[in-house]
Amino acid sequence: MKLHSLLLINLIYVTVILVGVESTQSPPFSCDSSNPSTKSYHFCKTTLPIPDRVRDLVSRLTLDEKISQLVNSAPAIPRLGIPAYEWWSEALHGVADAGPGIRFNGTIRSATSFPQVILTAASFDVHLWYRIGRAIGVEARAVYNAGQTKGMTFWAPNINIFRDPRWGRGQETPGEDPLVTGSYAVSYVRGVQGDCLRGLKRCGELQASACCKHFTAYDLDDWKGIDRFKFDARVTMQDLADTYQPPFHRCIEEGRASGIMCAYNRVNGVPSCADFNLLTNTARKRWNFQGYITSDCDAVSLIHDSYGYAKTPEDAVVDVLKAGMDVNCGTYLLNHTKSAVMQKKLPESEIDRALENLFAVRMRLGLFNGNPKGQPYGDIGPNQVCSVEHQTLALDAARDGIVLLKNSQRLLPLPKRKTMSLAVIGPNANSPKTLIGNYAGPPCKFITPLQALQSYVKSTMYHPGCDAVACSSPSIEKAVEIAQKADYVVLVVGLDQTQEREAHDRLDLVLPGKQQQLIIRVANAAKKPVVLVLLSGGPVDISFAKYKHNIGSILWAGYPGGAGGAAIAETIFGDHNPGGRLPVTWYPQDFTKIPMTDMRMRPESNSGYPGRTYRFYTGKRFLNLAMTIPVTRNKLYFNQSSTAHVYENTDSIRYTSVAELGKELCDSNNMSISIRVRNDGEMAGKHSVLLFVRRLKASAGSPIKQLVAFQSVHLNAGESADVGFLLNPCEHFSGPNKDGLMVIEEGTHFLVVGDQEHPVTVVV
C-alpha cells in the first residue's frame with residue numbers, strides 16, 4: 001500500500017468535515033439534587049431497586065398524566081420534575097436525524113456514517129458488528145450529553161429476513177439467513193447498549209437503548225398496490241419457527257435488547273401489535289424480554305381504522321395494551337385511551353403495566369439519577385463523535401463488506417502507473433447521497449468513488465453517463481467518447497433510494513432504465529476490459545455481464561457509507577483485498593413472476609413454486625472454497641434417553657423431539673470442528689469461513705442446506721490458520737416440523753464448507 005494514496009484521500013476527507021458552533025444546551029434529566037422536593041420522591045432514590053422506583057413514580061401520576069406518557073412524544077410532568085421524553089430516535093448505521101429525537105443543531109453537527117447494514121453483513125464478522133454498535137452507542141450518548149436529543153431509545157436494528165429481493169428495505173437488514181441476522185442483532189444490540197460481546201449482561205446503566213424491529217414477518221412495503229398497512233402475512237408455523245422468529249429470539253435472549261417494535265402487518269389475520277401470543281406469551285414469557293414494546297408509527301390506528309379488527313377505537317386501545325404493547329408511535333392512545341377507561345373496557349392497571357416498562361427503561365438509561373455529568377457515560381463528549389477511531393472503523397467496515405463477483409484474467413488490481421489514464425463513468429460515481437443509503441444522518445466525512453479514484457490517477461476523466469440512476473436519458477455517446485481515450489475504465493452504476501426504499505419495493509431486478517445499454521456500449525468501446533462497480537442494497541440481475549469478456553471485474557459495494565469511495569478505490573488498485581460474501585441470494589429477473597405476497601420459504605413441486613433464499617430456492621447458486629474438515633466424531637447417538645419418544649414422519653424418516661431429549665444429552669453430543677484455512681493468494685486479506693449442514697435424505701420441508709456457524713479470519717499471503725467451531729447437534733442438526741416444533745431426524749448429515757463435505761450419522 002503506497003502512502004501517497006492514503007495521504008491524498010485524507011486530504012479530501014478534511015475538506016468536507018462539518019464544523020459546529022458551541023452549544024450551551026444541557027441534557028434533560030430527572031431527580032435534580034438541587035431541587036429539594038426530589039429528596040422525598042422514592043423514584044429518585046438510586047439505592048432502591050428499579051421496580052420499586054417505577055411503581056412509586058406511576059402511583060403519583062393522575063390518569064391524564066399516565067395517558068400522556070403512552071405516546072412517543074411524551075410531554076413533561078413539571079410538578080414531579082420529569083422532562084419531556086422522545087422515544088423515537090434512529091441509529092440504523094450511525095446516529096441519524098431520521099426521527100424527531102435527534103437534532104444536529106448544536107456542538108455536534110454530524111455523526112459517523114457506517115455502511116448500510118446489508119454491506120456490513122457481507123463481512124460475516126461479529127466482532128466488527130459489535131464494534132460498530134459500540135461506536136454508535138458512544139456517539140448517541142455524546143449527542144445526549146450535548147443536549148441535542150430528548151431521548152436515548154434508538155429504533156434499530158432492523159432484523160427482518162430479506163425474504164424477497166424486491167423489498168425496498170432489505171438494504172437495512174443483515175440479509176436472508178436467520179443465523180447471520182440473529183448474530184448481527186446480538187452484536188449490534190450489545191454494542192449499542194454498552195455490554196460485552198459475550199457473557200452475562202453487566203450490571204449498571206444502559207449506554208443507549210436498542211430496539212429490534214419489526215416483530216414479526218414484516219418484509220413487504222408497497223408492491224403493486226399492496227402495502228404494509230393492509231398486508232396480512234400468511235405464514236406457516238414451520239416458517240415462523242426457523243425463519244421469521246429466530247432473529248428476534250436471539251435479539252432478546254442473547255442480545256438483551258431493551259426494546260422491540262411490533263410491525264404494521266397482520267400475521268395470519270392478527271395485527272402484530274394486538275397479538276397477545278406474540279408480545280406477551282412469546283417475547284415476555286418464553287424469551288424473558290425485559291424492556292418496552294413500541295408500535296410502528298400509526299400502526300395502532302390501523303387496527304380499527306383500516307383492518308376493522310377492532311370494532312371501535314377504544315377496542316383497538318384495549319387490544320394493544322392487553323397484548324403487551326407499551327407505547328404508541330403516534331397519537332391514537334392519547335386520543336382514545338381515556339374513553340376506553342371511562343367505558344370500563346380498559347382497567348387502569350393495564351396502563352400502569354405499560355408505564356412501569358417505559359419508566360424502567362428510562363431509569364436504566366440513568367435519566368432519573370440526577371445530573372448525568374456525574375454518572376456513568378457522563379464524560380462522553382463531542383470529541384468522541386466523528387473521531388479518528390470511528391472513521392477508521394467505518395472505512396474498515398466498507399472494505400470488509402465489498403464482494404468481488406468477477407475478476408476475469410485477474411484484471412484487478414489495476415496498475416499504479418503515473419502515466420496511465422482513467423475514465424470513471426456512471427450515475428453513482430460521484431453521488432455522496434447514494435453512498436449513505438437510508439436512515440442516515442449528516443456524515444462527518446465522505447468521499448465518492450470518483451474523488452477516491454482521482455487520488456490514485458491524476459489523469460482521470462469523468463462522465464455520469466445518465467441523467468440520474470433511473471437513466472431515462474443517457475448520454476451514451478459522450479461516455480463512449482471518454483472511454484475510448486482512457487487506458488482503463490471504471491463504471492459505477494446500480495441503484496439508489498429512488499429505486500429501493502421504505503414504502504417502495506421494486507418491480508424488476510434488472511438495472512434501471514438504460515444503464516445496461518450504457519455498460520455494454522462503454523465496455524465495447526474501451527481499450528481494455530472494464531471494471532464494473534455496483535452500488536445497491538438489493539440484488540440486481542447482471543447476468544449479461546457475467547460472461548461478457550470485456551467486463552473484466554465486477555464489485556458489489558452495497559451502500560458503503562461516508563468512507564465508501566475510499567474503500568472502493570483501494571480495492572480497485574490493490575491496497576485492499578476484498579473478502580466479503582453476499583448475504584442474500586441474487587435471483588434472475590424471471591423470479592419477479594412470483595408474487596411478493598407469497599410468504600412461503602419452502603418450495604412446492606406441484607405448483608412449481610421454487611422457494612426462497614439459499615436454504616430452499618431450487619435455482620443456481622455458487623460457492624467455491626477449498627478446505628478440509630477434521631471432525632472429533634462422526635456418529636451421534638440420541639437413543640440413550642429414557643424420556644424421548646421416536647416418531648416416523650410421512651417420508652419414513654425417524655425423528656425425535658429436541659425438547660424431550662433434554663439439555664444433558666444434547667450437550668454430551670457436542671462436536672468440536674477444526675477447519676484449516678490457507679491464503680494461497682499474493683495479498684493479505686480476510687476470509688469468511690461458512691459452515692453448513694445438509695441432509696443426505698431430507699424430509700419434505702427440510703432446507704437444501706443450512707448455515708450453522710461462521711467466522712472471519714485474517715491471513716497474510718501464504719499463511720494458514722485453524723478455525724474452530726463447537727456445534728450442539730440439538731441446535732444445529734435440528735429443524736421444525738410442520739407444527740413448528742424442533743425435531744432431530746435420524747440419518748446422515750453432512751458438514752459442508754465450500755466443496756468439501758464430512759458425513760455425520762445421527763441415530764435416534
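Predicted model: local features only at pLDDT ≥ 70, side-chain atom pairs only at ≥ 80, totals over all residues.

User: Why is the pair of tyrosine 85 and tryptophan 87 called edge-to-face?

Analyst: The planes of the two rings stand at 70° and their centres lie 4.8 Å apart; since rings pair if their centres lie within 6.5 Å and planes over 60 degrees apart count as edge-to-face, the pair of tyrosine 85 and tryptophan 87 is edge-to-face. The rings of phenylalanine 359 and phenylalanine 368, with centres 6.0 Å apart and planes at 90°, are edge-to-face as well.

User: What makes tyrosine 85 buried or exposed?

Analyst: Its relative accessible area is 3%, and buried means under 20%, so tyrosine 85 is buried. Tryptophan 87, with a relative accessible area of 1%, is therefore buried too.

User: How do you know that lysine 705 sits over the ring of phenylalanine 692?

Analyst: The charged end of lysine 705 is 4.4 Å from the centre of that ring, where the distance cut-off is 6 Å, and a charge must also lie within 35 degrees of the ring normal; the model has lysine 705 over the ring of phenylalanine 692.

User: What makes strand 3 and strand 11 edge strands?

Analyst: In the open sheet of four strands, whose order is 3-4-8-11, strand 3 (153-154) and strand 11 (292-295) each pair on one side only. Further in, strand 4 and strand 8 pair in the parallel sense over three bridges, and a pair needs at least two.

Key: Residues numbered from 1 in each chain as written. Heavy atoms only, no water. Helix = DSSP H or I, 4+ residues; strand = E, 2+ residues; numbered from the N terminus. Phe/Tyr/Trp six-rings, centres within 6.5 Å; stacked < 30°, edge-to-face > 60°. Buried < 20%, exposed > 50% of the residue type's maximum accessible area, 1.4 Å probe, protein only.
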